Amino acid sequence: MESERSVVIAPEALDDLIGALRRRGFRVLGPTVRDGAIVYDELDSASELPIGVTDRQEPGSYRLEERDDEARFGYAVGPHSWKRFLFPPRITLWRAKAENGGRKIEEEPPNETQLAFIGVRSCELSAIAIQDRVFIGGKFVDRDYAARRDGAFLLAVNCGEPGANCFCASMDAGPRVRDPYDLALTEMLDGEHRFLVEVGSERGADVLAELPSVPASQSDVASALAVTNDAAARMTKAMPQVDLHALLAGSLEHPRWDDVASRCLSCTNCTLVCPTCFCSSVEDTSDLAGVETARERVWDSCFSLDYSYIHGGSIRASSRSRYRQWLTHKLGTWVDQFGTAGCVGCGRCITWCPVGIDITEEVAALSKQEEKSHAATA
Amino acid sequence: MATATPSELHPVGAFVPLPFRVAERRQDTGDTWTLTLEPEESGFAVEPGQFAMVHVFGVGEVPISVSGPPERPGDPIVLTVRAVGAVSGAICASELGALLGLRGPCGNSWPIAEATAGDVVVVAGGIGLAPLRPVVLHTLAQRDSYGAVSVLYGARTPADLLYTDQLEEWRSTIAVDVTVDAAEPPWKGKVGVVPKLVATAEFRPEAVTAFVCGPEVMMHFTVQALRERGVPDERIMLSLERDMRCGIGLCGHCQLGPTLVCRDGPVYSQADVGALLGVREL
Ligand SMILES: Cc1cc2nc3c(=O)[nH]c(=O)nc-3n(C[C@H](O)[C@H](O)[C@H](O)COP(=O)(O)OP(=O)(O)OC[C@H]3O[C@@H](n4cnc5c(N)ncnc54)[C@H](O)[C@@H]3O)c2cc1C
Ligand code: SF4
Ligand code: SF4
């Protein structure tokens with residue numbers, strides 16, 4: 001923690017912060033309450049933040065509750081993640097128009113509005129870093145993602161309120177932010193309600209300079225650190241600490257897949273809420289005369305039957321093979337493909353699974369029986 | 001192995017196809033057509049084994065191997081397509097002069113340079129001969145660079161055989177052995193599945209590279225037959241088919257365990273993917 005550059009701001013300064021970003025031309029996106037959930041949407045002012053609201057999460061359940069304070073970021077994570085702005089659920093890739101016996105193909109112009117994300121958790125910064133590797137870190141670059149990602153302002157918030165399904169600490173993805181950010185807040189509710197602000201970039205410092213602030217004292221810095229330390233200590237869930245890549249690679253015929261298949265509905269929820277899942281499909285549209293056509297890209301899920309369809313049938317016809325694909329990819333083969341695992345321990349897939357399937361429990365089951373079979377052969 | 005660089009693949013944008021016009025059209029079999037496509041503006045060079053994402057405006061886009069590769073970016077591209085569904089059907093139905101959109105070159109290529117000086121055995125089932133045709137053409141053009149070259153080819157019935165005139169032409173320079181699963185007179189050729197042809201093909205197991213493409217069961221039995229003759233897994237090359245929506249490693253659909261078939265394949269050695277192909281529904 002760079003205490004010499006840290007300052008303290010009051011909750012009211014968040015409004016100035018949003019104003020400063022809007023004046024710079026950013027489209028400011030952040031958490032707000034809608035339809036019983038904390039979602040990410042455009043913010044005009046800090047009064048739209050989920051003030052005094054927390055989320056109570058269990059496997060297969062999520063509900064909002066009132067807090068007995070005025071915390072702005074006193075919740076874990078909701079059904080949305082920033083991926084919906086960097087990798088939107090539906091975009092147009094290009095349009096083509098028949099003219100003079102030819103066809104004029106025009107790429108959809110890339111998004112030019114600069115995005116500012118308010119309240120990015122550590123796990124979410126890690127998730128963005130993972131999607132960066134997928135979309136812009138390889139041989140082929142997704143230009144739409146690159147345009148949205150380029151210059152996005154990241155206002156991180158250290159996590160003080162882990163949900164019952166969070167396990168970021170065991171994935172080395174939180175609760176304290178570490179990946180690059182512009183500004184990082186820690187909300188302190190002990191004593192006077194205030195935020196410690198750490199600066200991660202020059203433009204972050206620039207924005208901060210417009211806000212009323214005081215230098216952070218030693219005790220401010222200490223209580224900020226206590227916030228994330230407490231959060232880590234209160235986190236009840238953990239991913240089993242085993243070599244996940246090896247475990248998954250060695251579990252392809254594990255009986256547990258039949259067990260989870262008997263519960264999984266293949267509803268695709270887990271992949272839609274996951275901040276790293278990146279699979280997509282394409283759809284073509286045409287006007288009646290076929291003069292104007294367009295190609296759109298939409299989110300897809302490895303849980304759908306069509307996902308692996310080739311002439312003659314789907315490769316993964318059973319839900320056993322589809323859950324196996326999801327989990328094995330997430331924690332194992334993602335590393336082979338992109339040099340990093342695909343899970344940050346945000347717990348969304350557990351919360352939003354209608355039958356409460358818990359990724360950490362599934363891994364524990366795979367690793368326990370693995371130990372057993374090792375013991376048997378030893 | 002040759003791989004496409006982004007600049008080759010993205011003259012406009014990663015997802016934007018280049019317009020090509022149907023310049024020639026030939027029906028090969030009841031359900032298969034070979035199209036010669038001329039680039040409208042600019043095209044791209046393709047190495048044997050690479051494929052293109054072929055777009056029918058307003059219908060959809062599917063991966064199709066290049067069966068006659070252009071050597072220079074302006075050259076025409078030849079595709080051989082079997083009509084099995086909406087998009088492949090629309091490609092086959094494209095009239096002379098029709099416009100199609102192509103993105104490419106996608107994927108890696110057959111390691112034909114590495115096979116130089118050794119023997120070559122090409123084993124194809126059905127439409128699988130299309131991606132292998134460039135290998136055959138290459139060995140014909142560079143006949144002195146290779147030892148024994150043979151093509152083992154199987155189709156369901158005599159009427160399903162592709163490139164029948166060319167098979168005859170090839171016979172004058174290399175060995176061509178053809179079989180069909182089922183036939184009635186006047187067929188005088190072999191009846192049986194392609195892997196059976198491996199046992200009698202002329203090649204030195206220690207010096208051969210096998211290039212194999214066809215339905216996965218056919219490839220499975222071909223690998224077994226090649227192994228029985230002592231061909232090492234490292235020199236048994238397979239071209240795989242998976243669902244592909246983007247062709248450039250971004251959509252996730254073509255995963256086969258640790259690899260993305262459109263990005264890391266479609267050509268793999270049996271040593272690399274044999275174990276993966278053995279896992280059901282992977
Ligand atoms: C690397 C590679 C090389 C290949 N080379 C050849 C070849 O040389 N010759 C050949 O004949 N075949 C080849 N194939 C197979 C060919 O791609 C399939 O036969 C083709 O995809 C079938 O598509 P279809 O729409 O005609 O069939 P369908 O059975 O209708 O659809 C097949 C798939 O395409 C999807 N799809 C269908 N319509 C649309 C749409 N409008 N938009 C988006 N997706 C859609 C479906 O969801 C499904 O996943 C190759 C495949 C691969 C992977
Ligand atoms: S797999 Fe589950 S816990 Fe891991 S990042 Fe995705 S949604 Fe979060
Ligand atoms: S694991 Fe749960 S959320 Fe994911 S597809 Fe299965 S039932 Fe749906």
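Contact here means heavy atoms within 4.5 Å. By that rule, 47 residues of chain A and 43 residues of chain B make up the contact. Before going further, some housekeeping. This is a predicted model, where local features need pLDDT of at least 70, side-chain atom pairs count only at pLDDT 80 or more, and totals for chains, interfaces and linings use all residues. Residues are numbered from 1 along each chain as its sequence is written, chains are lettered from A and ligands numbered from 1 in the order in which they are written, and side-chain values use heavy atoms, with hydrogens and water left out.

Back to the interface. The size of an interface is often given as the accessible area lost when the parts come together. Buried area is that loss, found with a 1.4 Å probe and summed over both parts. For chain B and chain A the figure is about 3900 Å², with 55% of it on carbon and sulfur atoms.

What about polar contacts? I mean a pair of N or O atoms within 3.5 Å; within protein, one must be able to donate a hydrogen and the other to accept it, and residues adjacent in sequence count only if both atoms are side-chain atoms. Between chain B and chain A, 24 residue pairs are in polar contact, both residues at pLDDT 80 or more. On the chain B side, α1 (6–9), β1 (18–27), β4 (60–68) and β14 (259–260) each supply at least two of the residues that touch chain A. Helices (H or I, at least four residues) and strands (E, at least two) are DSSP runs, numbered from the N terminus.

Next, salt bridges. Side chains of opposite charge can pair when their charged atoms come close. The cut-off is a side-chain nitrogen of Lys or Arg within 4 Å of a carboxyl oxygen of Asp or Glu. How many are there between chain B and chain A? The count is two. In one salt bridge, D306(A) pairs with R245(B), with 3.5 Å between the closest N and O atoms.

Over all chains, the whole structure has 49 salt bridges. Take E42(A) and R27(A), whose side chains meet at 3.0 Å, N to O. E42(A) is in strand β3 (residues 37–42) of chain A and R27(A) in strand β2 (residues 27–34), so this pair ties together parts 15 residues apart in sequence. E42(A) is partly exposed, at 36% relative accessible area, and R27(A) is also partly exposed, at 30%. For reference, buried means under 20%, exposed over 50%, and partly exposed in between, with a 1.4 Å probe and protein chains only.

R295(A) and D284(A) form another salt bridge, at 2.5 Å between the closest N and O atoms. R295(A) sits in strand β14 (residues 292–299) of chain A and D284(A) in strand β13 (residues 280–286), so the pair joins parts 11 residues apart in sequence. Is R295(A) buried or exposed? R295(A) is buried, with a relative accessible area of 2%.

Last, ligand 1. Residues from chains A and B surround ligand 1, so the site is shared between chains. The side chain of D306(A) has an N or O atom 3.2 Å from an oxygen atom of the ligand. For the side chain of D243(B), that distance is 2.8 Å. Y309(A) uses a backbone N or O atom, 3.3 Å from a ligand oxygen.

Key:
Buried area = accessible area lost by both parts, 1.4 Å probe. Near = heavy atom within 4 Å.
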